[in-house]
Protein chains: 4
Amino acid sequence: MLGRGVWSTLRQGLSRGLSRKVGGWASGERRKMDIAGIYPPVTTPFTATAEVDYGKLEENLHKLGAFPFRGFVVQGSNGEFPFLTSIERLEVVSRVRQAMPKDKLLLAGSGCESTQATVEMTVSMAQVGADAAIVVTPCFYRGRMSSAALIHHYTKVADLSPIPVVLYSVPANTGLDLPVDAVVTLSQHPNIVGIKDSGGDVTRMGLIVHKTGRQDFQVLAGSAGFLLASYAVGAVGGVCALANVLGAQVCQLERLCLTGQWEDAQKLQHRLIEPNTAVTRRFGIPGLKKTMDWFGYYGGPCRAPLQELSPTDEEALRMDFTSNGWL
Amino acid sequence: MLGRGVWSTLRQGLSRGLSRKVGGWASGERRKMDIAGIYPPVTTPFTATAEVDYGKLEENLHKLGAFPFRGFVVQGSNGEFPFLTSIERLEVVSRVRQAMPKDKLLLAGSGCESTQATVEMTVSMAQVGADAAIVVTPCFYRGRMSSAALIHHYTKVADLSPIPVVLYSVPANTGLDLPVDAVVTLSQHPNIVGIKDSGGDVTRMGLIVHKTGRQDFQVLAGSAGFLLASYAVGAVGGVCALANVLGAQVCQLERLCLTGQWEDAQKLQHRLIEPNTAVTRRFGIPGLKKTMDWFGYYGGPCRAPLQELSPTDEEALRMDFTSNGWL
Amino acid sequence: MLGRGVWSTLRQGLSRGLSRKVGGWASGERRKMDIAGIYPPVTTPFTATAEVDYGKLEENLHKLGAFPFRGFVVQGSNGEFPFLTSIERLEVVSRVRQAMPKDKLLLAGSGCESTQATVEMTVSMAQVGADAAIVVTPCFYRGRMSSAALIHHYTKVADLSPIPVVLYSVPANTGLDLPVDAVVTLSQHPNIVGIKDSGGDVTRMGLIVHKTGRQDFQVLAGSAGFLLASYAVGAVGGVCALANVLGAQVCQLERLCLTGQWEDAQKLQHRLIEPNTAVTRRFGIPGLKKTMDWFGYYGGPCRAPLQELSPTDEEALRMDFTSNGWL
Amino acid sequence: MLGRGVWSTLRQGLSRGLSRKVGGWASGERRKMDIAGIYPPVTTPFTATAEVDYGKLEENLHKLGAFPFRGFVVQGSNGEFPFLTSIERLEVVSRVRQAMPKDKLLLAGSGCESTQATVEMTVSMAQVGADAAIVVTPCFYRGRMSSAALIHHYTKVADLSPIPVVLYSVPANTGLDLPVDAVVTLSQHPNIVGIKDSGGDVTRMGLIVHKTGRQDFQVLAGSAGFLLASYAVGAVGGVCALANVLGAQVCQLERLCLTGQWEDAQKLQHRLIEPNTAVTRRFGIPGLKKTMDWFGYYGGPCRAPLQELSPTDEEALRMDFTSNGWL
């Protein structure tokens, strides 16, 4: 059942969303929302009985609030959103909105398989307080997800969303790369402000920056493993799972890149690659949550079918941090 | 809102499910449910405004009821289930139950990403009248979907399902093959009766038949393109999108295989490959629905982001049927 | 240096090839060479110092000559042909010609990356006694190997070859499937008699049989794992690595298929899948050669960089044979 | 037949190679050869009758000699080496040695499928004047190319090579990534000086730089599309097909990176991505050679089975240059 928190926020959010729309892209304002910076994709804490643990979520947020992040991504791939009910998805966003510092951005994942459901979820996300929506590509029918189909999908969502939309391409999960030509077309939409690209192909990222240069369109790296290289080709920030545990370091890497200290940036980047791979591709969310436990956050269990790490995997995970001097 | 149909069926189904459980695997009965035969995976008709058109669904069912199918698969990949709400998923199954002949089986797709949601949907599917549940592999976190994780998932679902469970592997949609060792382990569960395998790898299918031979475990081909070959290696039936338009022919192919008329079977199989590919991999559900329109059923539009075929694609689709003598 | 054997055979082969050409496809004869039946793809034995061991090759051939094979494939993927010099490739074929029974066919792999080299190797293979050439798809520039490029390649080779040409598609090695439309076009060439298809996709194989039906074009399964299914969809034989060690059984499977004893065929097929996978995809040529040692043939070492099996792998290999009753 | 050029160079090269070995890694010298800088991978010009056109090769070299390249790669993937005979491979290298400026490096591709053939080709390449050998991964048996097998292969080659060895990973052609753990192990070999990595995964490249930091091991980007990003993560140069036509620009990009002018570097990098993709992944060597014709070099035809571009493709190729201001 929908908790009190989400309902009251829904009411508030509704008015915020409306006012924002009036003052936003629909009114012909020229500049798109600035989303530059580092975001941790927040994990969803669960109790031992697999209920969402909102208390632990807030505790984590308070700790993460200490870092100079630009904001938080909620319901990204690391948020286990496919395992949450619609109500839970909204409630989590609502709680994060309340727990996080006022001056930071809340980017909420609102992607669903159908266009209609995505529109509805996006509107609801705005109502519970999201500043922008991150919309993952639909993927179950990937064989039919042509550029035309994806352009149609995202245009519809952006047309109807009261908040700015960020495209989200994450081929490791979806088996689908949002094609560059679709990204370029979509960049012209006044309510589409950027893309979170988790594929790690910097040639592609550079090309997207190049081809969308006149559209005020912003590229965020989807992982800390290629953050430096992404800045080098023109990205303006990153959504980095690793920032959930090495928040200071990822923000330091951002600063080194922005201030042109490339040598130090390179050294730091190098030491972040293995830990980053460990909490993403290699050991997934179970690895990320286990590491959060080590670093003073609440990681806890994942929902099934995600399984806990084996002792061997846990040892390898630890080694990826210790060998780089982080544990 | 939940229609009257689904609620009344939920009540009836609840008692059916319970009685079935008492008389089913839980009571120590030895034989698993026999699921041999041909099933069309029913499409979900939509109105021009993208509402589920239950009237057209029933009309299609009445027409399909004329063929010697073993039953119907509802909410398979061709049913656009990822685009339906939970309520719609149940309502569609409920309506099919009412519209279809009493002596046929209703296999309902109940797969969700989380184990818990899959359990709940499976129980609900039983309540609205499904005879068995077809459970697709979770796939968003495919990098973590090890055999152990999948065995855990399906065991939990089968433990708690009041109706038999059919595994469902469809790598074209999920990017994931349910590993043979997991299938073999799961075949030993008394409430797991078989697998629908849509991958088209008959070496794998033969191996599954071989390794599960003592478990009374049944393999269904997931496509008409390799139906003959599947029978040859020991499959007992098929869930064939093509049966939605060439129902008589697919059933004839079954009969030729079962009666050992391999030469005629081969000739017929050959003429079905291109039409089958056309309504599956090549043109997807939009192709299948367009063809249904040609063959006297209601196909109609898909929900977005699936797009209509272009005129060029439609022409190529038609050619795949005409060149093989079916149009 | 070229041994005496190859030179004398080159001379003889030259005249054979010429006379064959005069009496062959070039003269307008209608029927293509019949290549139906089972072929082991002969391995190349090496000494401890990695020299070709022609003596062991002949011994193996004498033993294999006892089975009702249609003939032998020499320089298929299992022949380690990419590790042989041109001279060695010809010498091996020459020796096999001399050692093998006169009434059997010798199919020699003559594929190279360039069209010109393939033509030359094909002509040379004819000269040293090959009855037909099996020509693998060029693959290093697979991104440019369009249907048009492959049709051009094979047409040139077939135009200039004094012996019939068999297409050879083996995606596990080449990363490339010879497209069906290219196969259909090439089937019309009077000197292209068939295809060895090792991909294992029986839908594709059935379609090839269907679309080339009027061209007297023959399909050979490239592996014993899907031999039964291949016969079911219209193949006329197989080139089976497993036939190097279970020759009698593979020939028995052929007989069961040809005489319509599908039930017994299915049982036998099932017991061959794991051993077949073991000596092909799972453990490769090192696995096949190790098994040959067990079954009374000379397997011996591979050329580097192929490595010997580890003891653990060897144990798993043995299990794949013992658990199916073959060891 | 081997021309005079190659023989005389073989003689000279032999003594150079020997003397180099005495003064090289074998004598315990600590520093590895410095290979930092930009290299065009030279194409092999052919006449209308598909003979190697050595005159045109020399003309191209003279023109390319004007740019501040570090040297030339001969027989890389762009050199159509799989289409050349062994003699042609050596003769081409010999001619390049003679035609190129004395102060530049000649890196010769010497990879073959077998370890033994690769050793022999590497020794011969040294004899005809190569300063270092670039050795592509063997790939036909990619299913068996474990880290252990590849470590064994490269160790053997490096042990026996009179010149330094550069590893070469090009998954688009080989379907195989040289695993990072193998690279790290091999970096410790005193005669292995670096890797040319064409995969474009900068996370991987950064990790290789990080893990081989103490081994004096150098990473070269295998393409101009990710050259800036590669420098950012620690690469020291690049082997760039695009340098065959936009040599000045690629060298300018190098200079901007080395002098820390990242903003200008980024702008230039952006304008090189599409032209680079056009002459590599998109249109391959036929695209590169066509562009060479436009830019005042001799491109000419490729050897079959590579086909000329269609007029449509040629138009698209031209557009990739014009739209970025290069034509």
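Biologist: Why is A:Val239 called buried in this predicted model?

Modeller: The relative accessible area of A:Val239 is 1%. Buried means under 20%, so A:Val239 is classed as buried.

Biologist: Where is A:Val239 found, and which residues does A:Val239 touch?

Modeller: A:Val239 is part of strand β9 of chain A, residues 237–239. Not counting residues up to four places away in sequence, A:Val239 touches A:Tyr39, A:Pro41, A:Val73, A:Lys196, A:Leu220, A:Ala221, A:Gly222 and A:Ser223. An unreviewed UniProt entry carries the annotation "binding site" for A:Val239.

Biologist: What makes A:Glu113 a residue with no salt bridge?

Modeller: The nearest side chain of opposite charge, A:Arg142, is 7.5 Å away. A salt bridge requires a distance within 4 Å, so A:Glu113 has none, although A:Glu113 is buried.

Biologist: Which backbone nitrogen does the side chain of A:Glu113 reach?

Modeller: The side chain of A:Glu113 reaches the backbone nitrogen of A:Cys139 at 3.2 Å. The backbone nitrogen of A:Phe140 also lies 3.2 Å from a polar atom of that side chain. The cut-off for a polar contact is within 3.5 Å. A:Glu113 itself lies in the loop between β4 (105–109) and α4 (115–127) of chain A.

Biologist: How do you know that chains A and D are related as by a two-fold rotation axis?

Modeller: Chain D is superposed on chain A by a rotation of 180° with 0.0 Å of shift along its axis, at an RMSD of 0.0 Å. The two copies are therefore related as by a two-fold rotation axis. In chain D, the C-alpha of D:Ala229 is the nearest to the axis, 2.4 Å from it.

Terms used: Residues are numbered from 1 along each chain as its sequence is written. Chains are lettered from A and ligands numbered from 1 in the order in which they are written. This is a predicted model: local features need pLDDT of at least 70, side-chain atom pairs count only at pLDDT 80 or more; totals for chains, interfaces and linings use all residues. Side-chain values use heavy atoms; hydrogens and water are left out. Copies are superposed by least squares on the C-alpha atoms of residues with pLDDT of at least 70 in both. Helices (H or I, at least four residues) and strands (E, at least two) are DSSP runs, numbered from the N terminus. Buried means under 20% relative accessible area, exposed over 50%, partly exposed in between (1.4 Å probe, protein chains only). Lys and Arg count as positive and Asp and Glu as negative; His and the chain ends are not counted. A polar contact is a pair of N or O atoms within 3.5 Å; within protein, one must be able to donate a hydrogen and the other to accept it, and residues adjacent in sequence count only if both atoms are side-chain atoms. UniProt positions are given in the numbering used here, feature names are shortened, and annotations may be inferred rather than shown by experiment. Contact means heavy atoms within 4.5 Å.
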